[in-house]
Amino acid sequence: MAFAPPAPGATTQSPVAGGIALPTAAGLGPRPRVDLEEELHFKFWNPLHYYRALNQHRLRMNLPNPGQFELLSMELKDTLLTNFMFDGGRADLAKILSPNFQVMHTFQLGLPGQMSSYEFAGVYANEQALMHGKMDTEMNFQGRLNYALTKKLQLKSQAQLMTSSDAQSMFQAEGEYSGSDYTANLKAINPSPVDGTGIYLANYLQSVTPKLSLGAELLYQSPMPSLQETSISFAMRYRPSEDRAWVAQTQGVNMVTASYWRKISEKCEAAAELQMINVPSQGRREATCSVGVKYSFAASTFRAMADSMGKVSMLLEEKIAPGFSFLISGELDHLKGENKFGVGLNLES
């Protein structure tokens, strides 16, 4: 039996095998291609394309979190004596009441012309919150509260009430978000929604490579409704290995700080810091260099520091017994001819 060809314009149907239509050659023909030039043009002008490409690149590199912007020089601060020096007599007594709560008593013997003081402090901390407060004999109060909403988002607040001077009283609120390879922070110091005064800061720190981090901080302050000031600072941290770190940071356009920290051995650490200040309006142009060393032994810790202004200082902490330490500090300023000496006790039970 002969079959006649289909009439022009008539639709062809594929043979049916078992009730299922088979595809024809016409259905397997070439499909219309997307215009490559049009697609590239769309990607070039689409900002989301660059954002997705950057995120994919970051995920491939598996960069670490760089930490907080304020703690860029944490190794330097632990080695130098800037945050450890004291003079006169001092005794710190700490009592651990529970794994999450402890109280502290601080006695400060007054130097000639100064009054002695006593300070009481309490600290409560768990995995989600941290509360710390202290008050001295002049009824000056300082408090801090940190609360973690999630593993990455934290809310922090600080307050200081000074009875001697209202100008020294302050309140600070901040929020911090820690991503996989970056940290963002917002701060407001003495904010006033009524007249818009206060100090506002925003900083961002990003890991560029596993060893290099870059960051910036924007400062906006308005001490009076008719006066506003804005400045921006930049920071860089380079840590090629676990035993050394380089940090460079600017504060506005008037100050530049560079530091280097090195762990020489398991017991010895050294650090150096260079700070340059240039304020043409005040005729101020100076630079200061500080060098310090820290020795950690089984039962003692020794720190020493010297700077280019002729100041030499040291601090010795001797652990006499578990929970009991004896401290001696001294500072000699050759240019001013001033000396400072301190003796302290630390007791923890």
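Predicted model: local features only at pLDDT ≥ 70, side-chain atom pairs only at ≥ 80, totals over all residues.

User: How many bridges join strand S17 and strand S18, and in which sense do the two pair?

Analyst: Strands count as paired if at least two bridges are found between them. Here S17 (residues 284-296) and S18 (residues 300-307) pair in the antiparallel sense over seven bridges, and Val 293 has Ala 304 in S18 as its bridge partner. The two strands form a hairpin with three residues between them.

User: What do S18 and S19 form?

Analyst: S18 and S19 form a hairpin with three residues between them, and Gly 310 in the turn has a positive phi of about 80 degrees. Their pairing is antiparallel, over seven bridges, with Ser 300 standing opposite Glu 318 in S19.

User: Is Ser 313 buried or exposed?

Analyst: Buried means under 20% relative accessible area. Ser 313, which lies in strand S19 (residues 311-321), has 3% and is therefore buried. Leaving aside neighbours within four places in sequence, its contacts include Leu 81, Met 85, Ala 304 and Glu 331.

User: How many disulfides are there?

Analyst: The rule asks for a pair of cysteine sulfur atoms within 2.5 Å, and the count comes to zero. Cys 268 is buried at 9% relative accessible area, whereas Cys 289 is partly exposed at 32%.

User: Which residues form the nonpolar patch on the surface?

Analyst: Leu 97, Phe 101, Tyr 124, Met 131 and Leu 145 form it, with about 420 Å² of accessible area together. Tyr 124 sits in strand S5 (residues 117-125) and, at 32% relative accessibility, counts as partly exposed.

Key: Residues numbered from 1 in each chain as written. Heavy atoms only, no water. Patch = residues over 30% accessible without salt bridge, like charges linked within 9 Å, V, L, I, M, F, W, Y side chains within 5 Å. Areas by Shrake-Rupley, 256 points an atom, 1.4 Å probe, with all protein chains shown as cover. Salt bridge = Lys/Arg side-chain N within 4 Å of Asp/Glu carboxyl O. Helix = DSSP H or I, 4+ residues; strand = E, 2+ residues; numbered from the N terminus. Buried < 20%, exposed > 50% of the residue type's maximum accessible area, 1.4 Å probe, protein only. Contact = heavy atoms within 4.5 Å.
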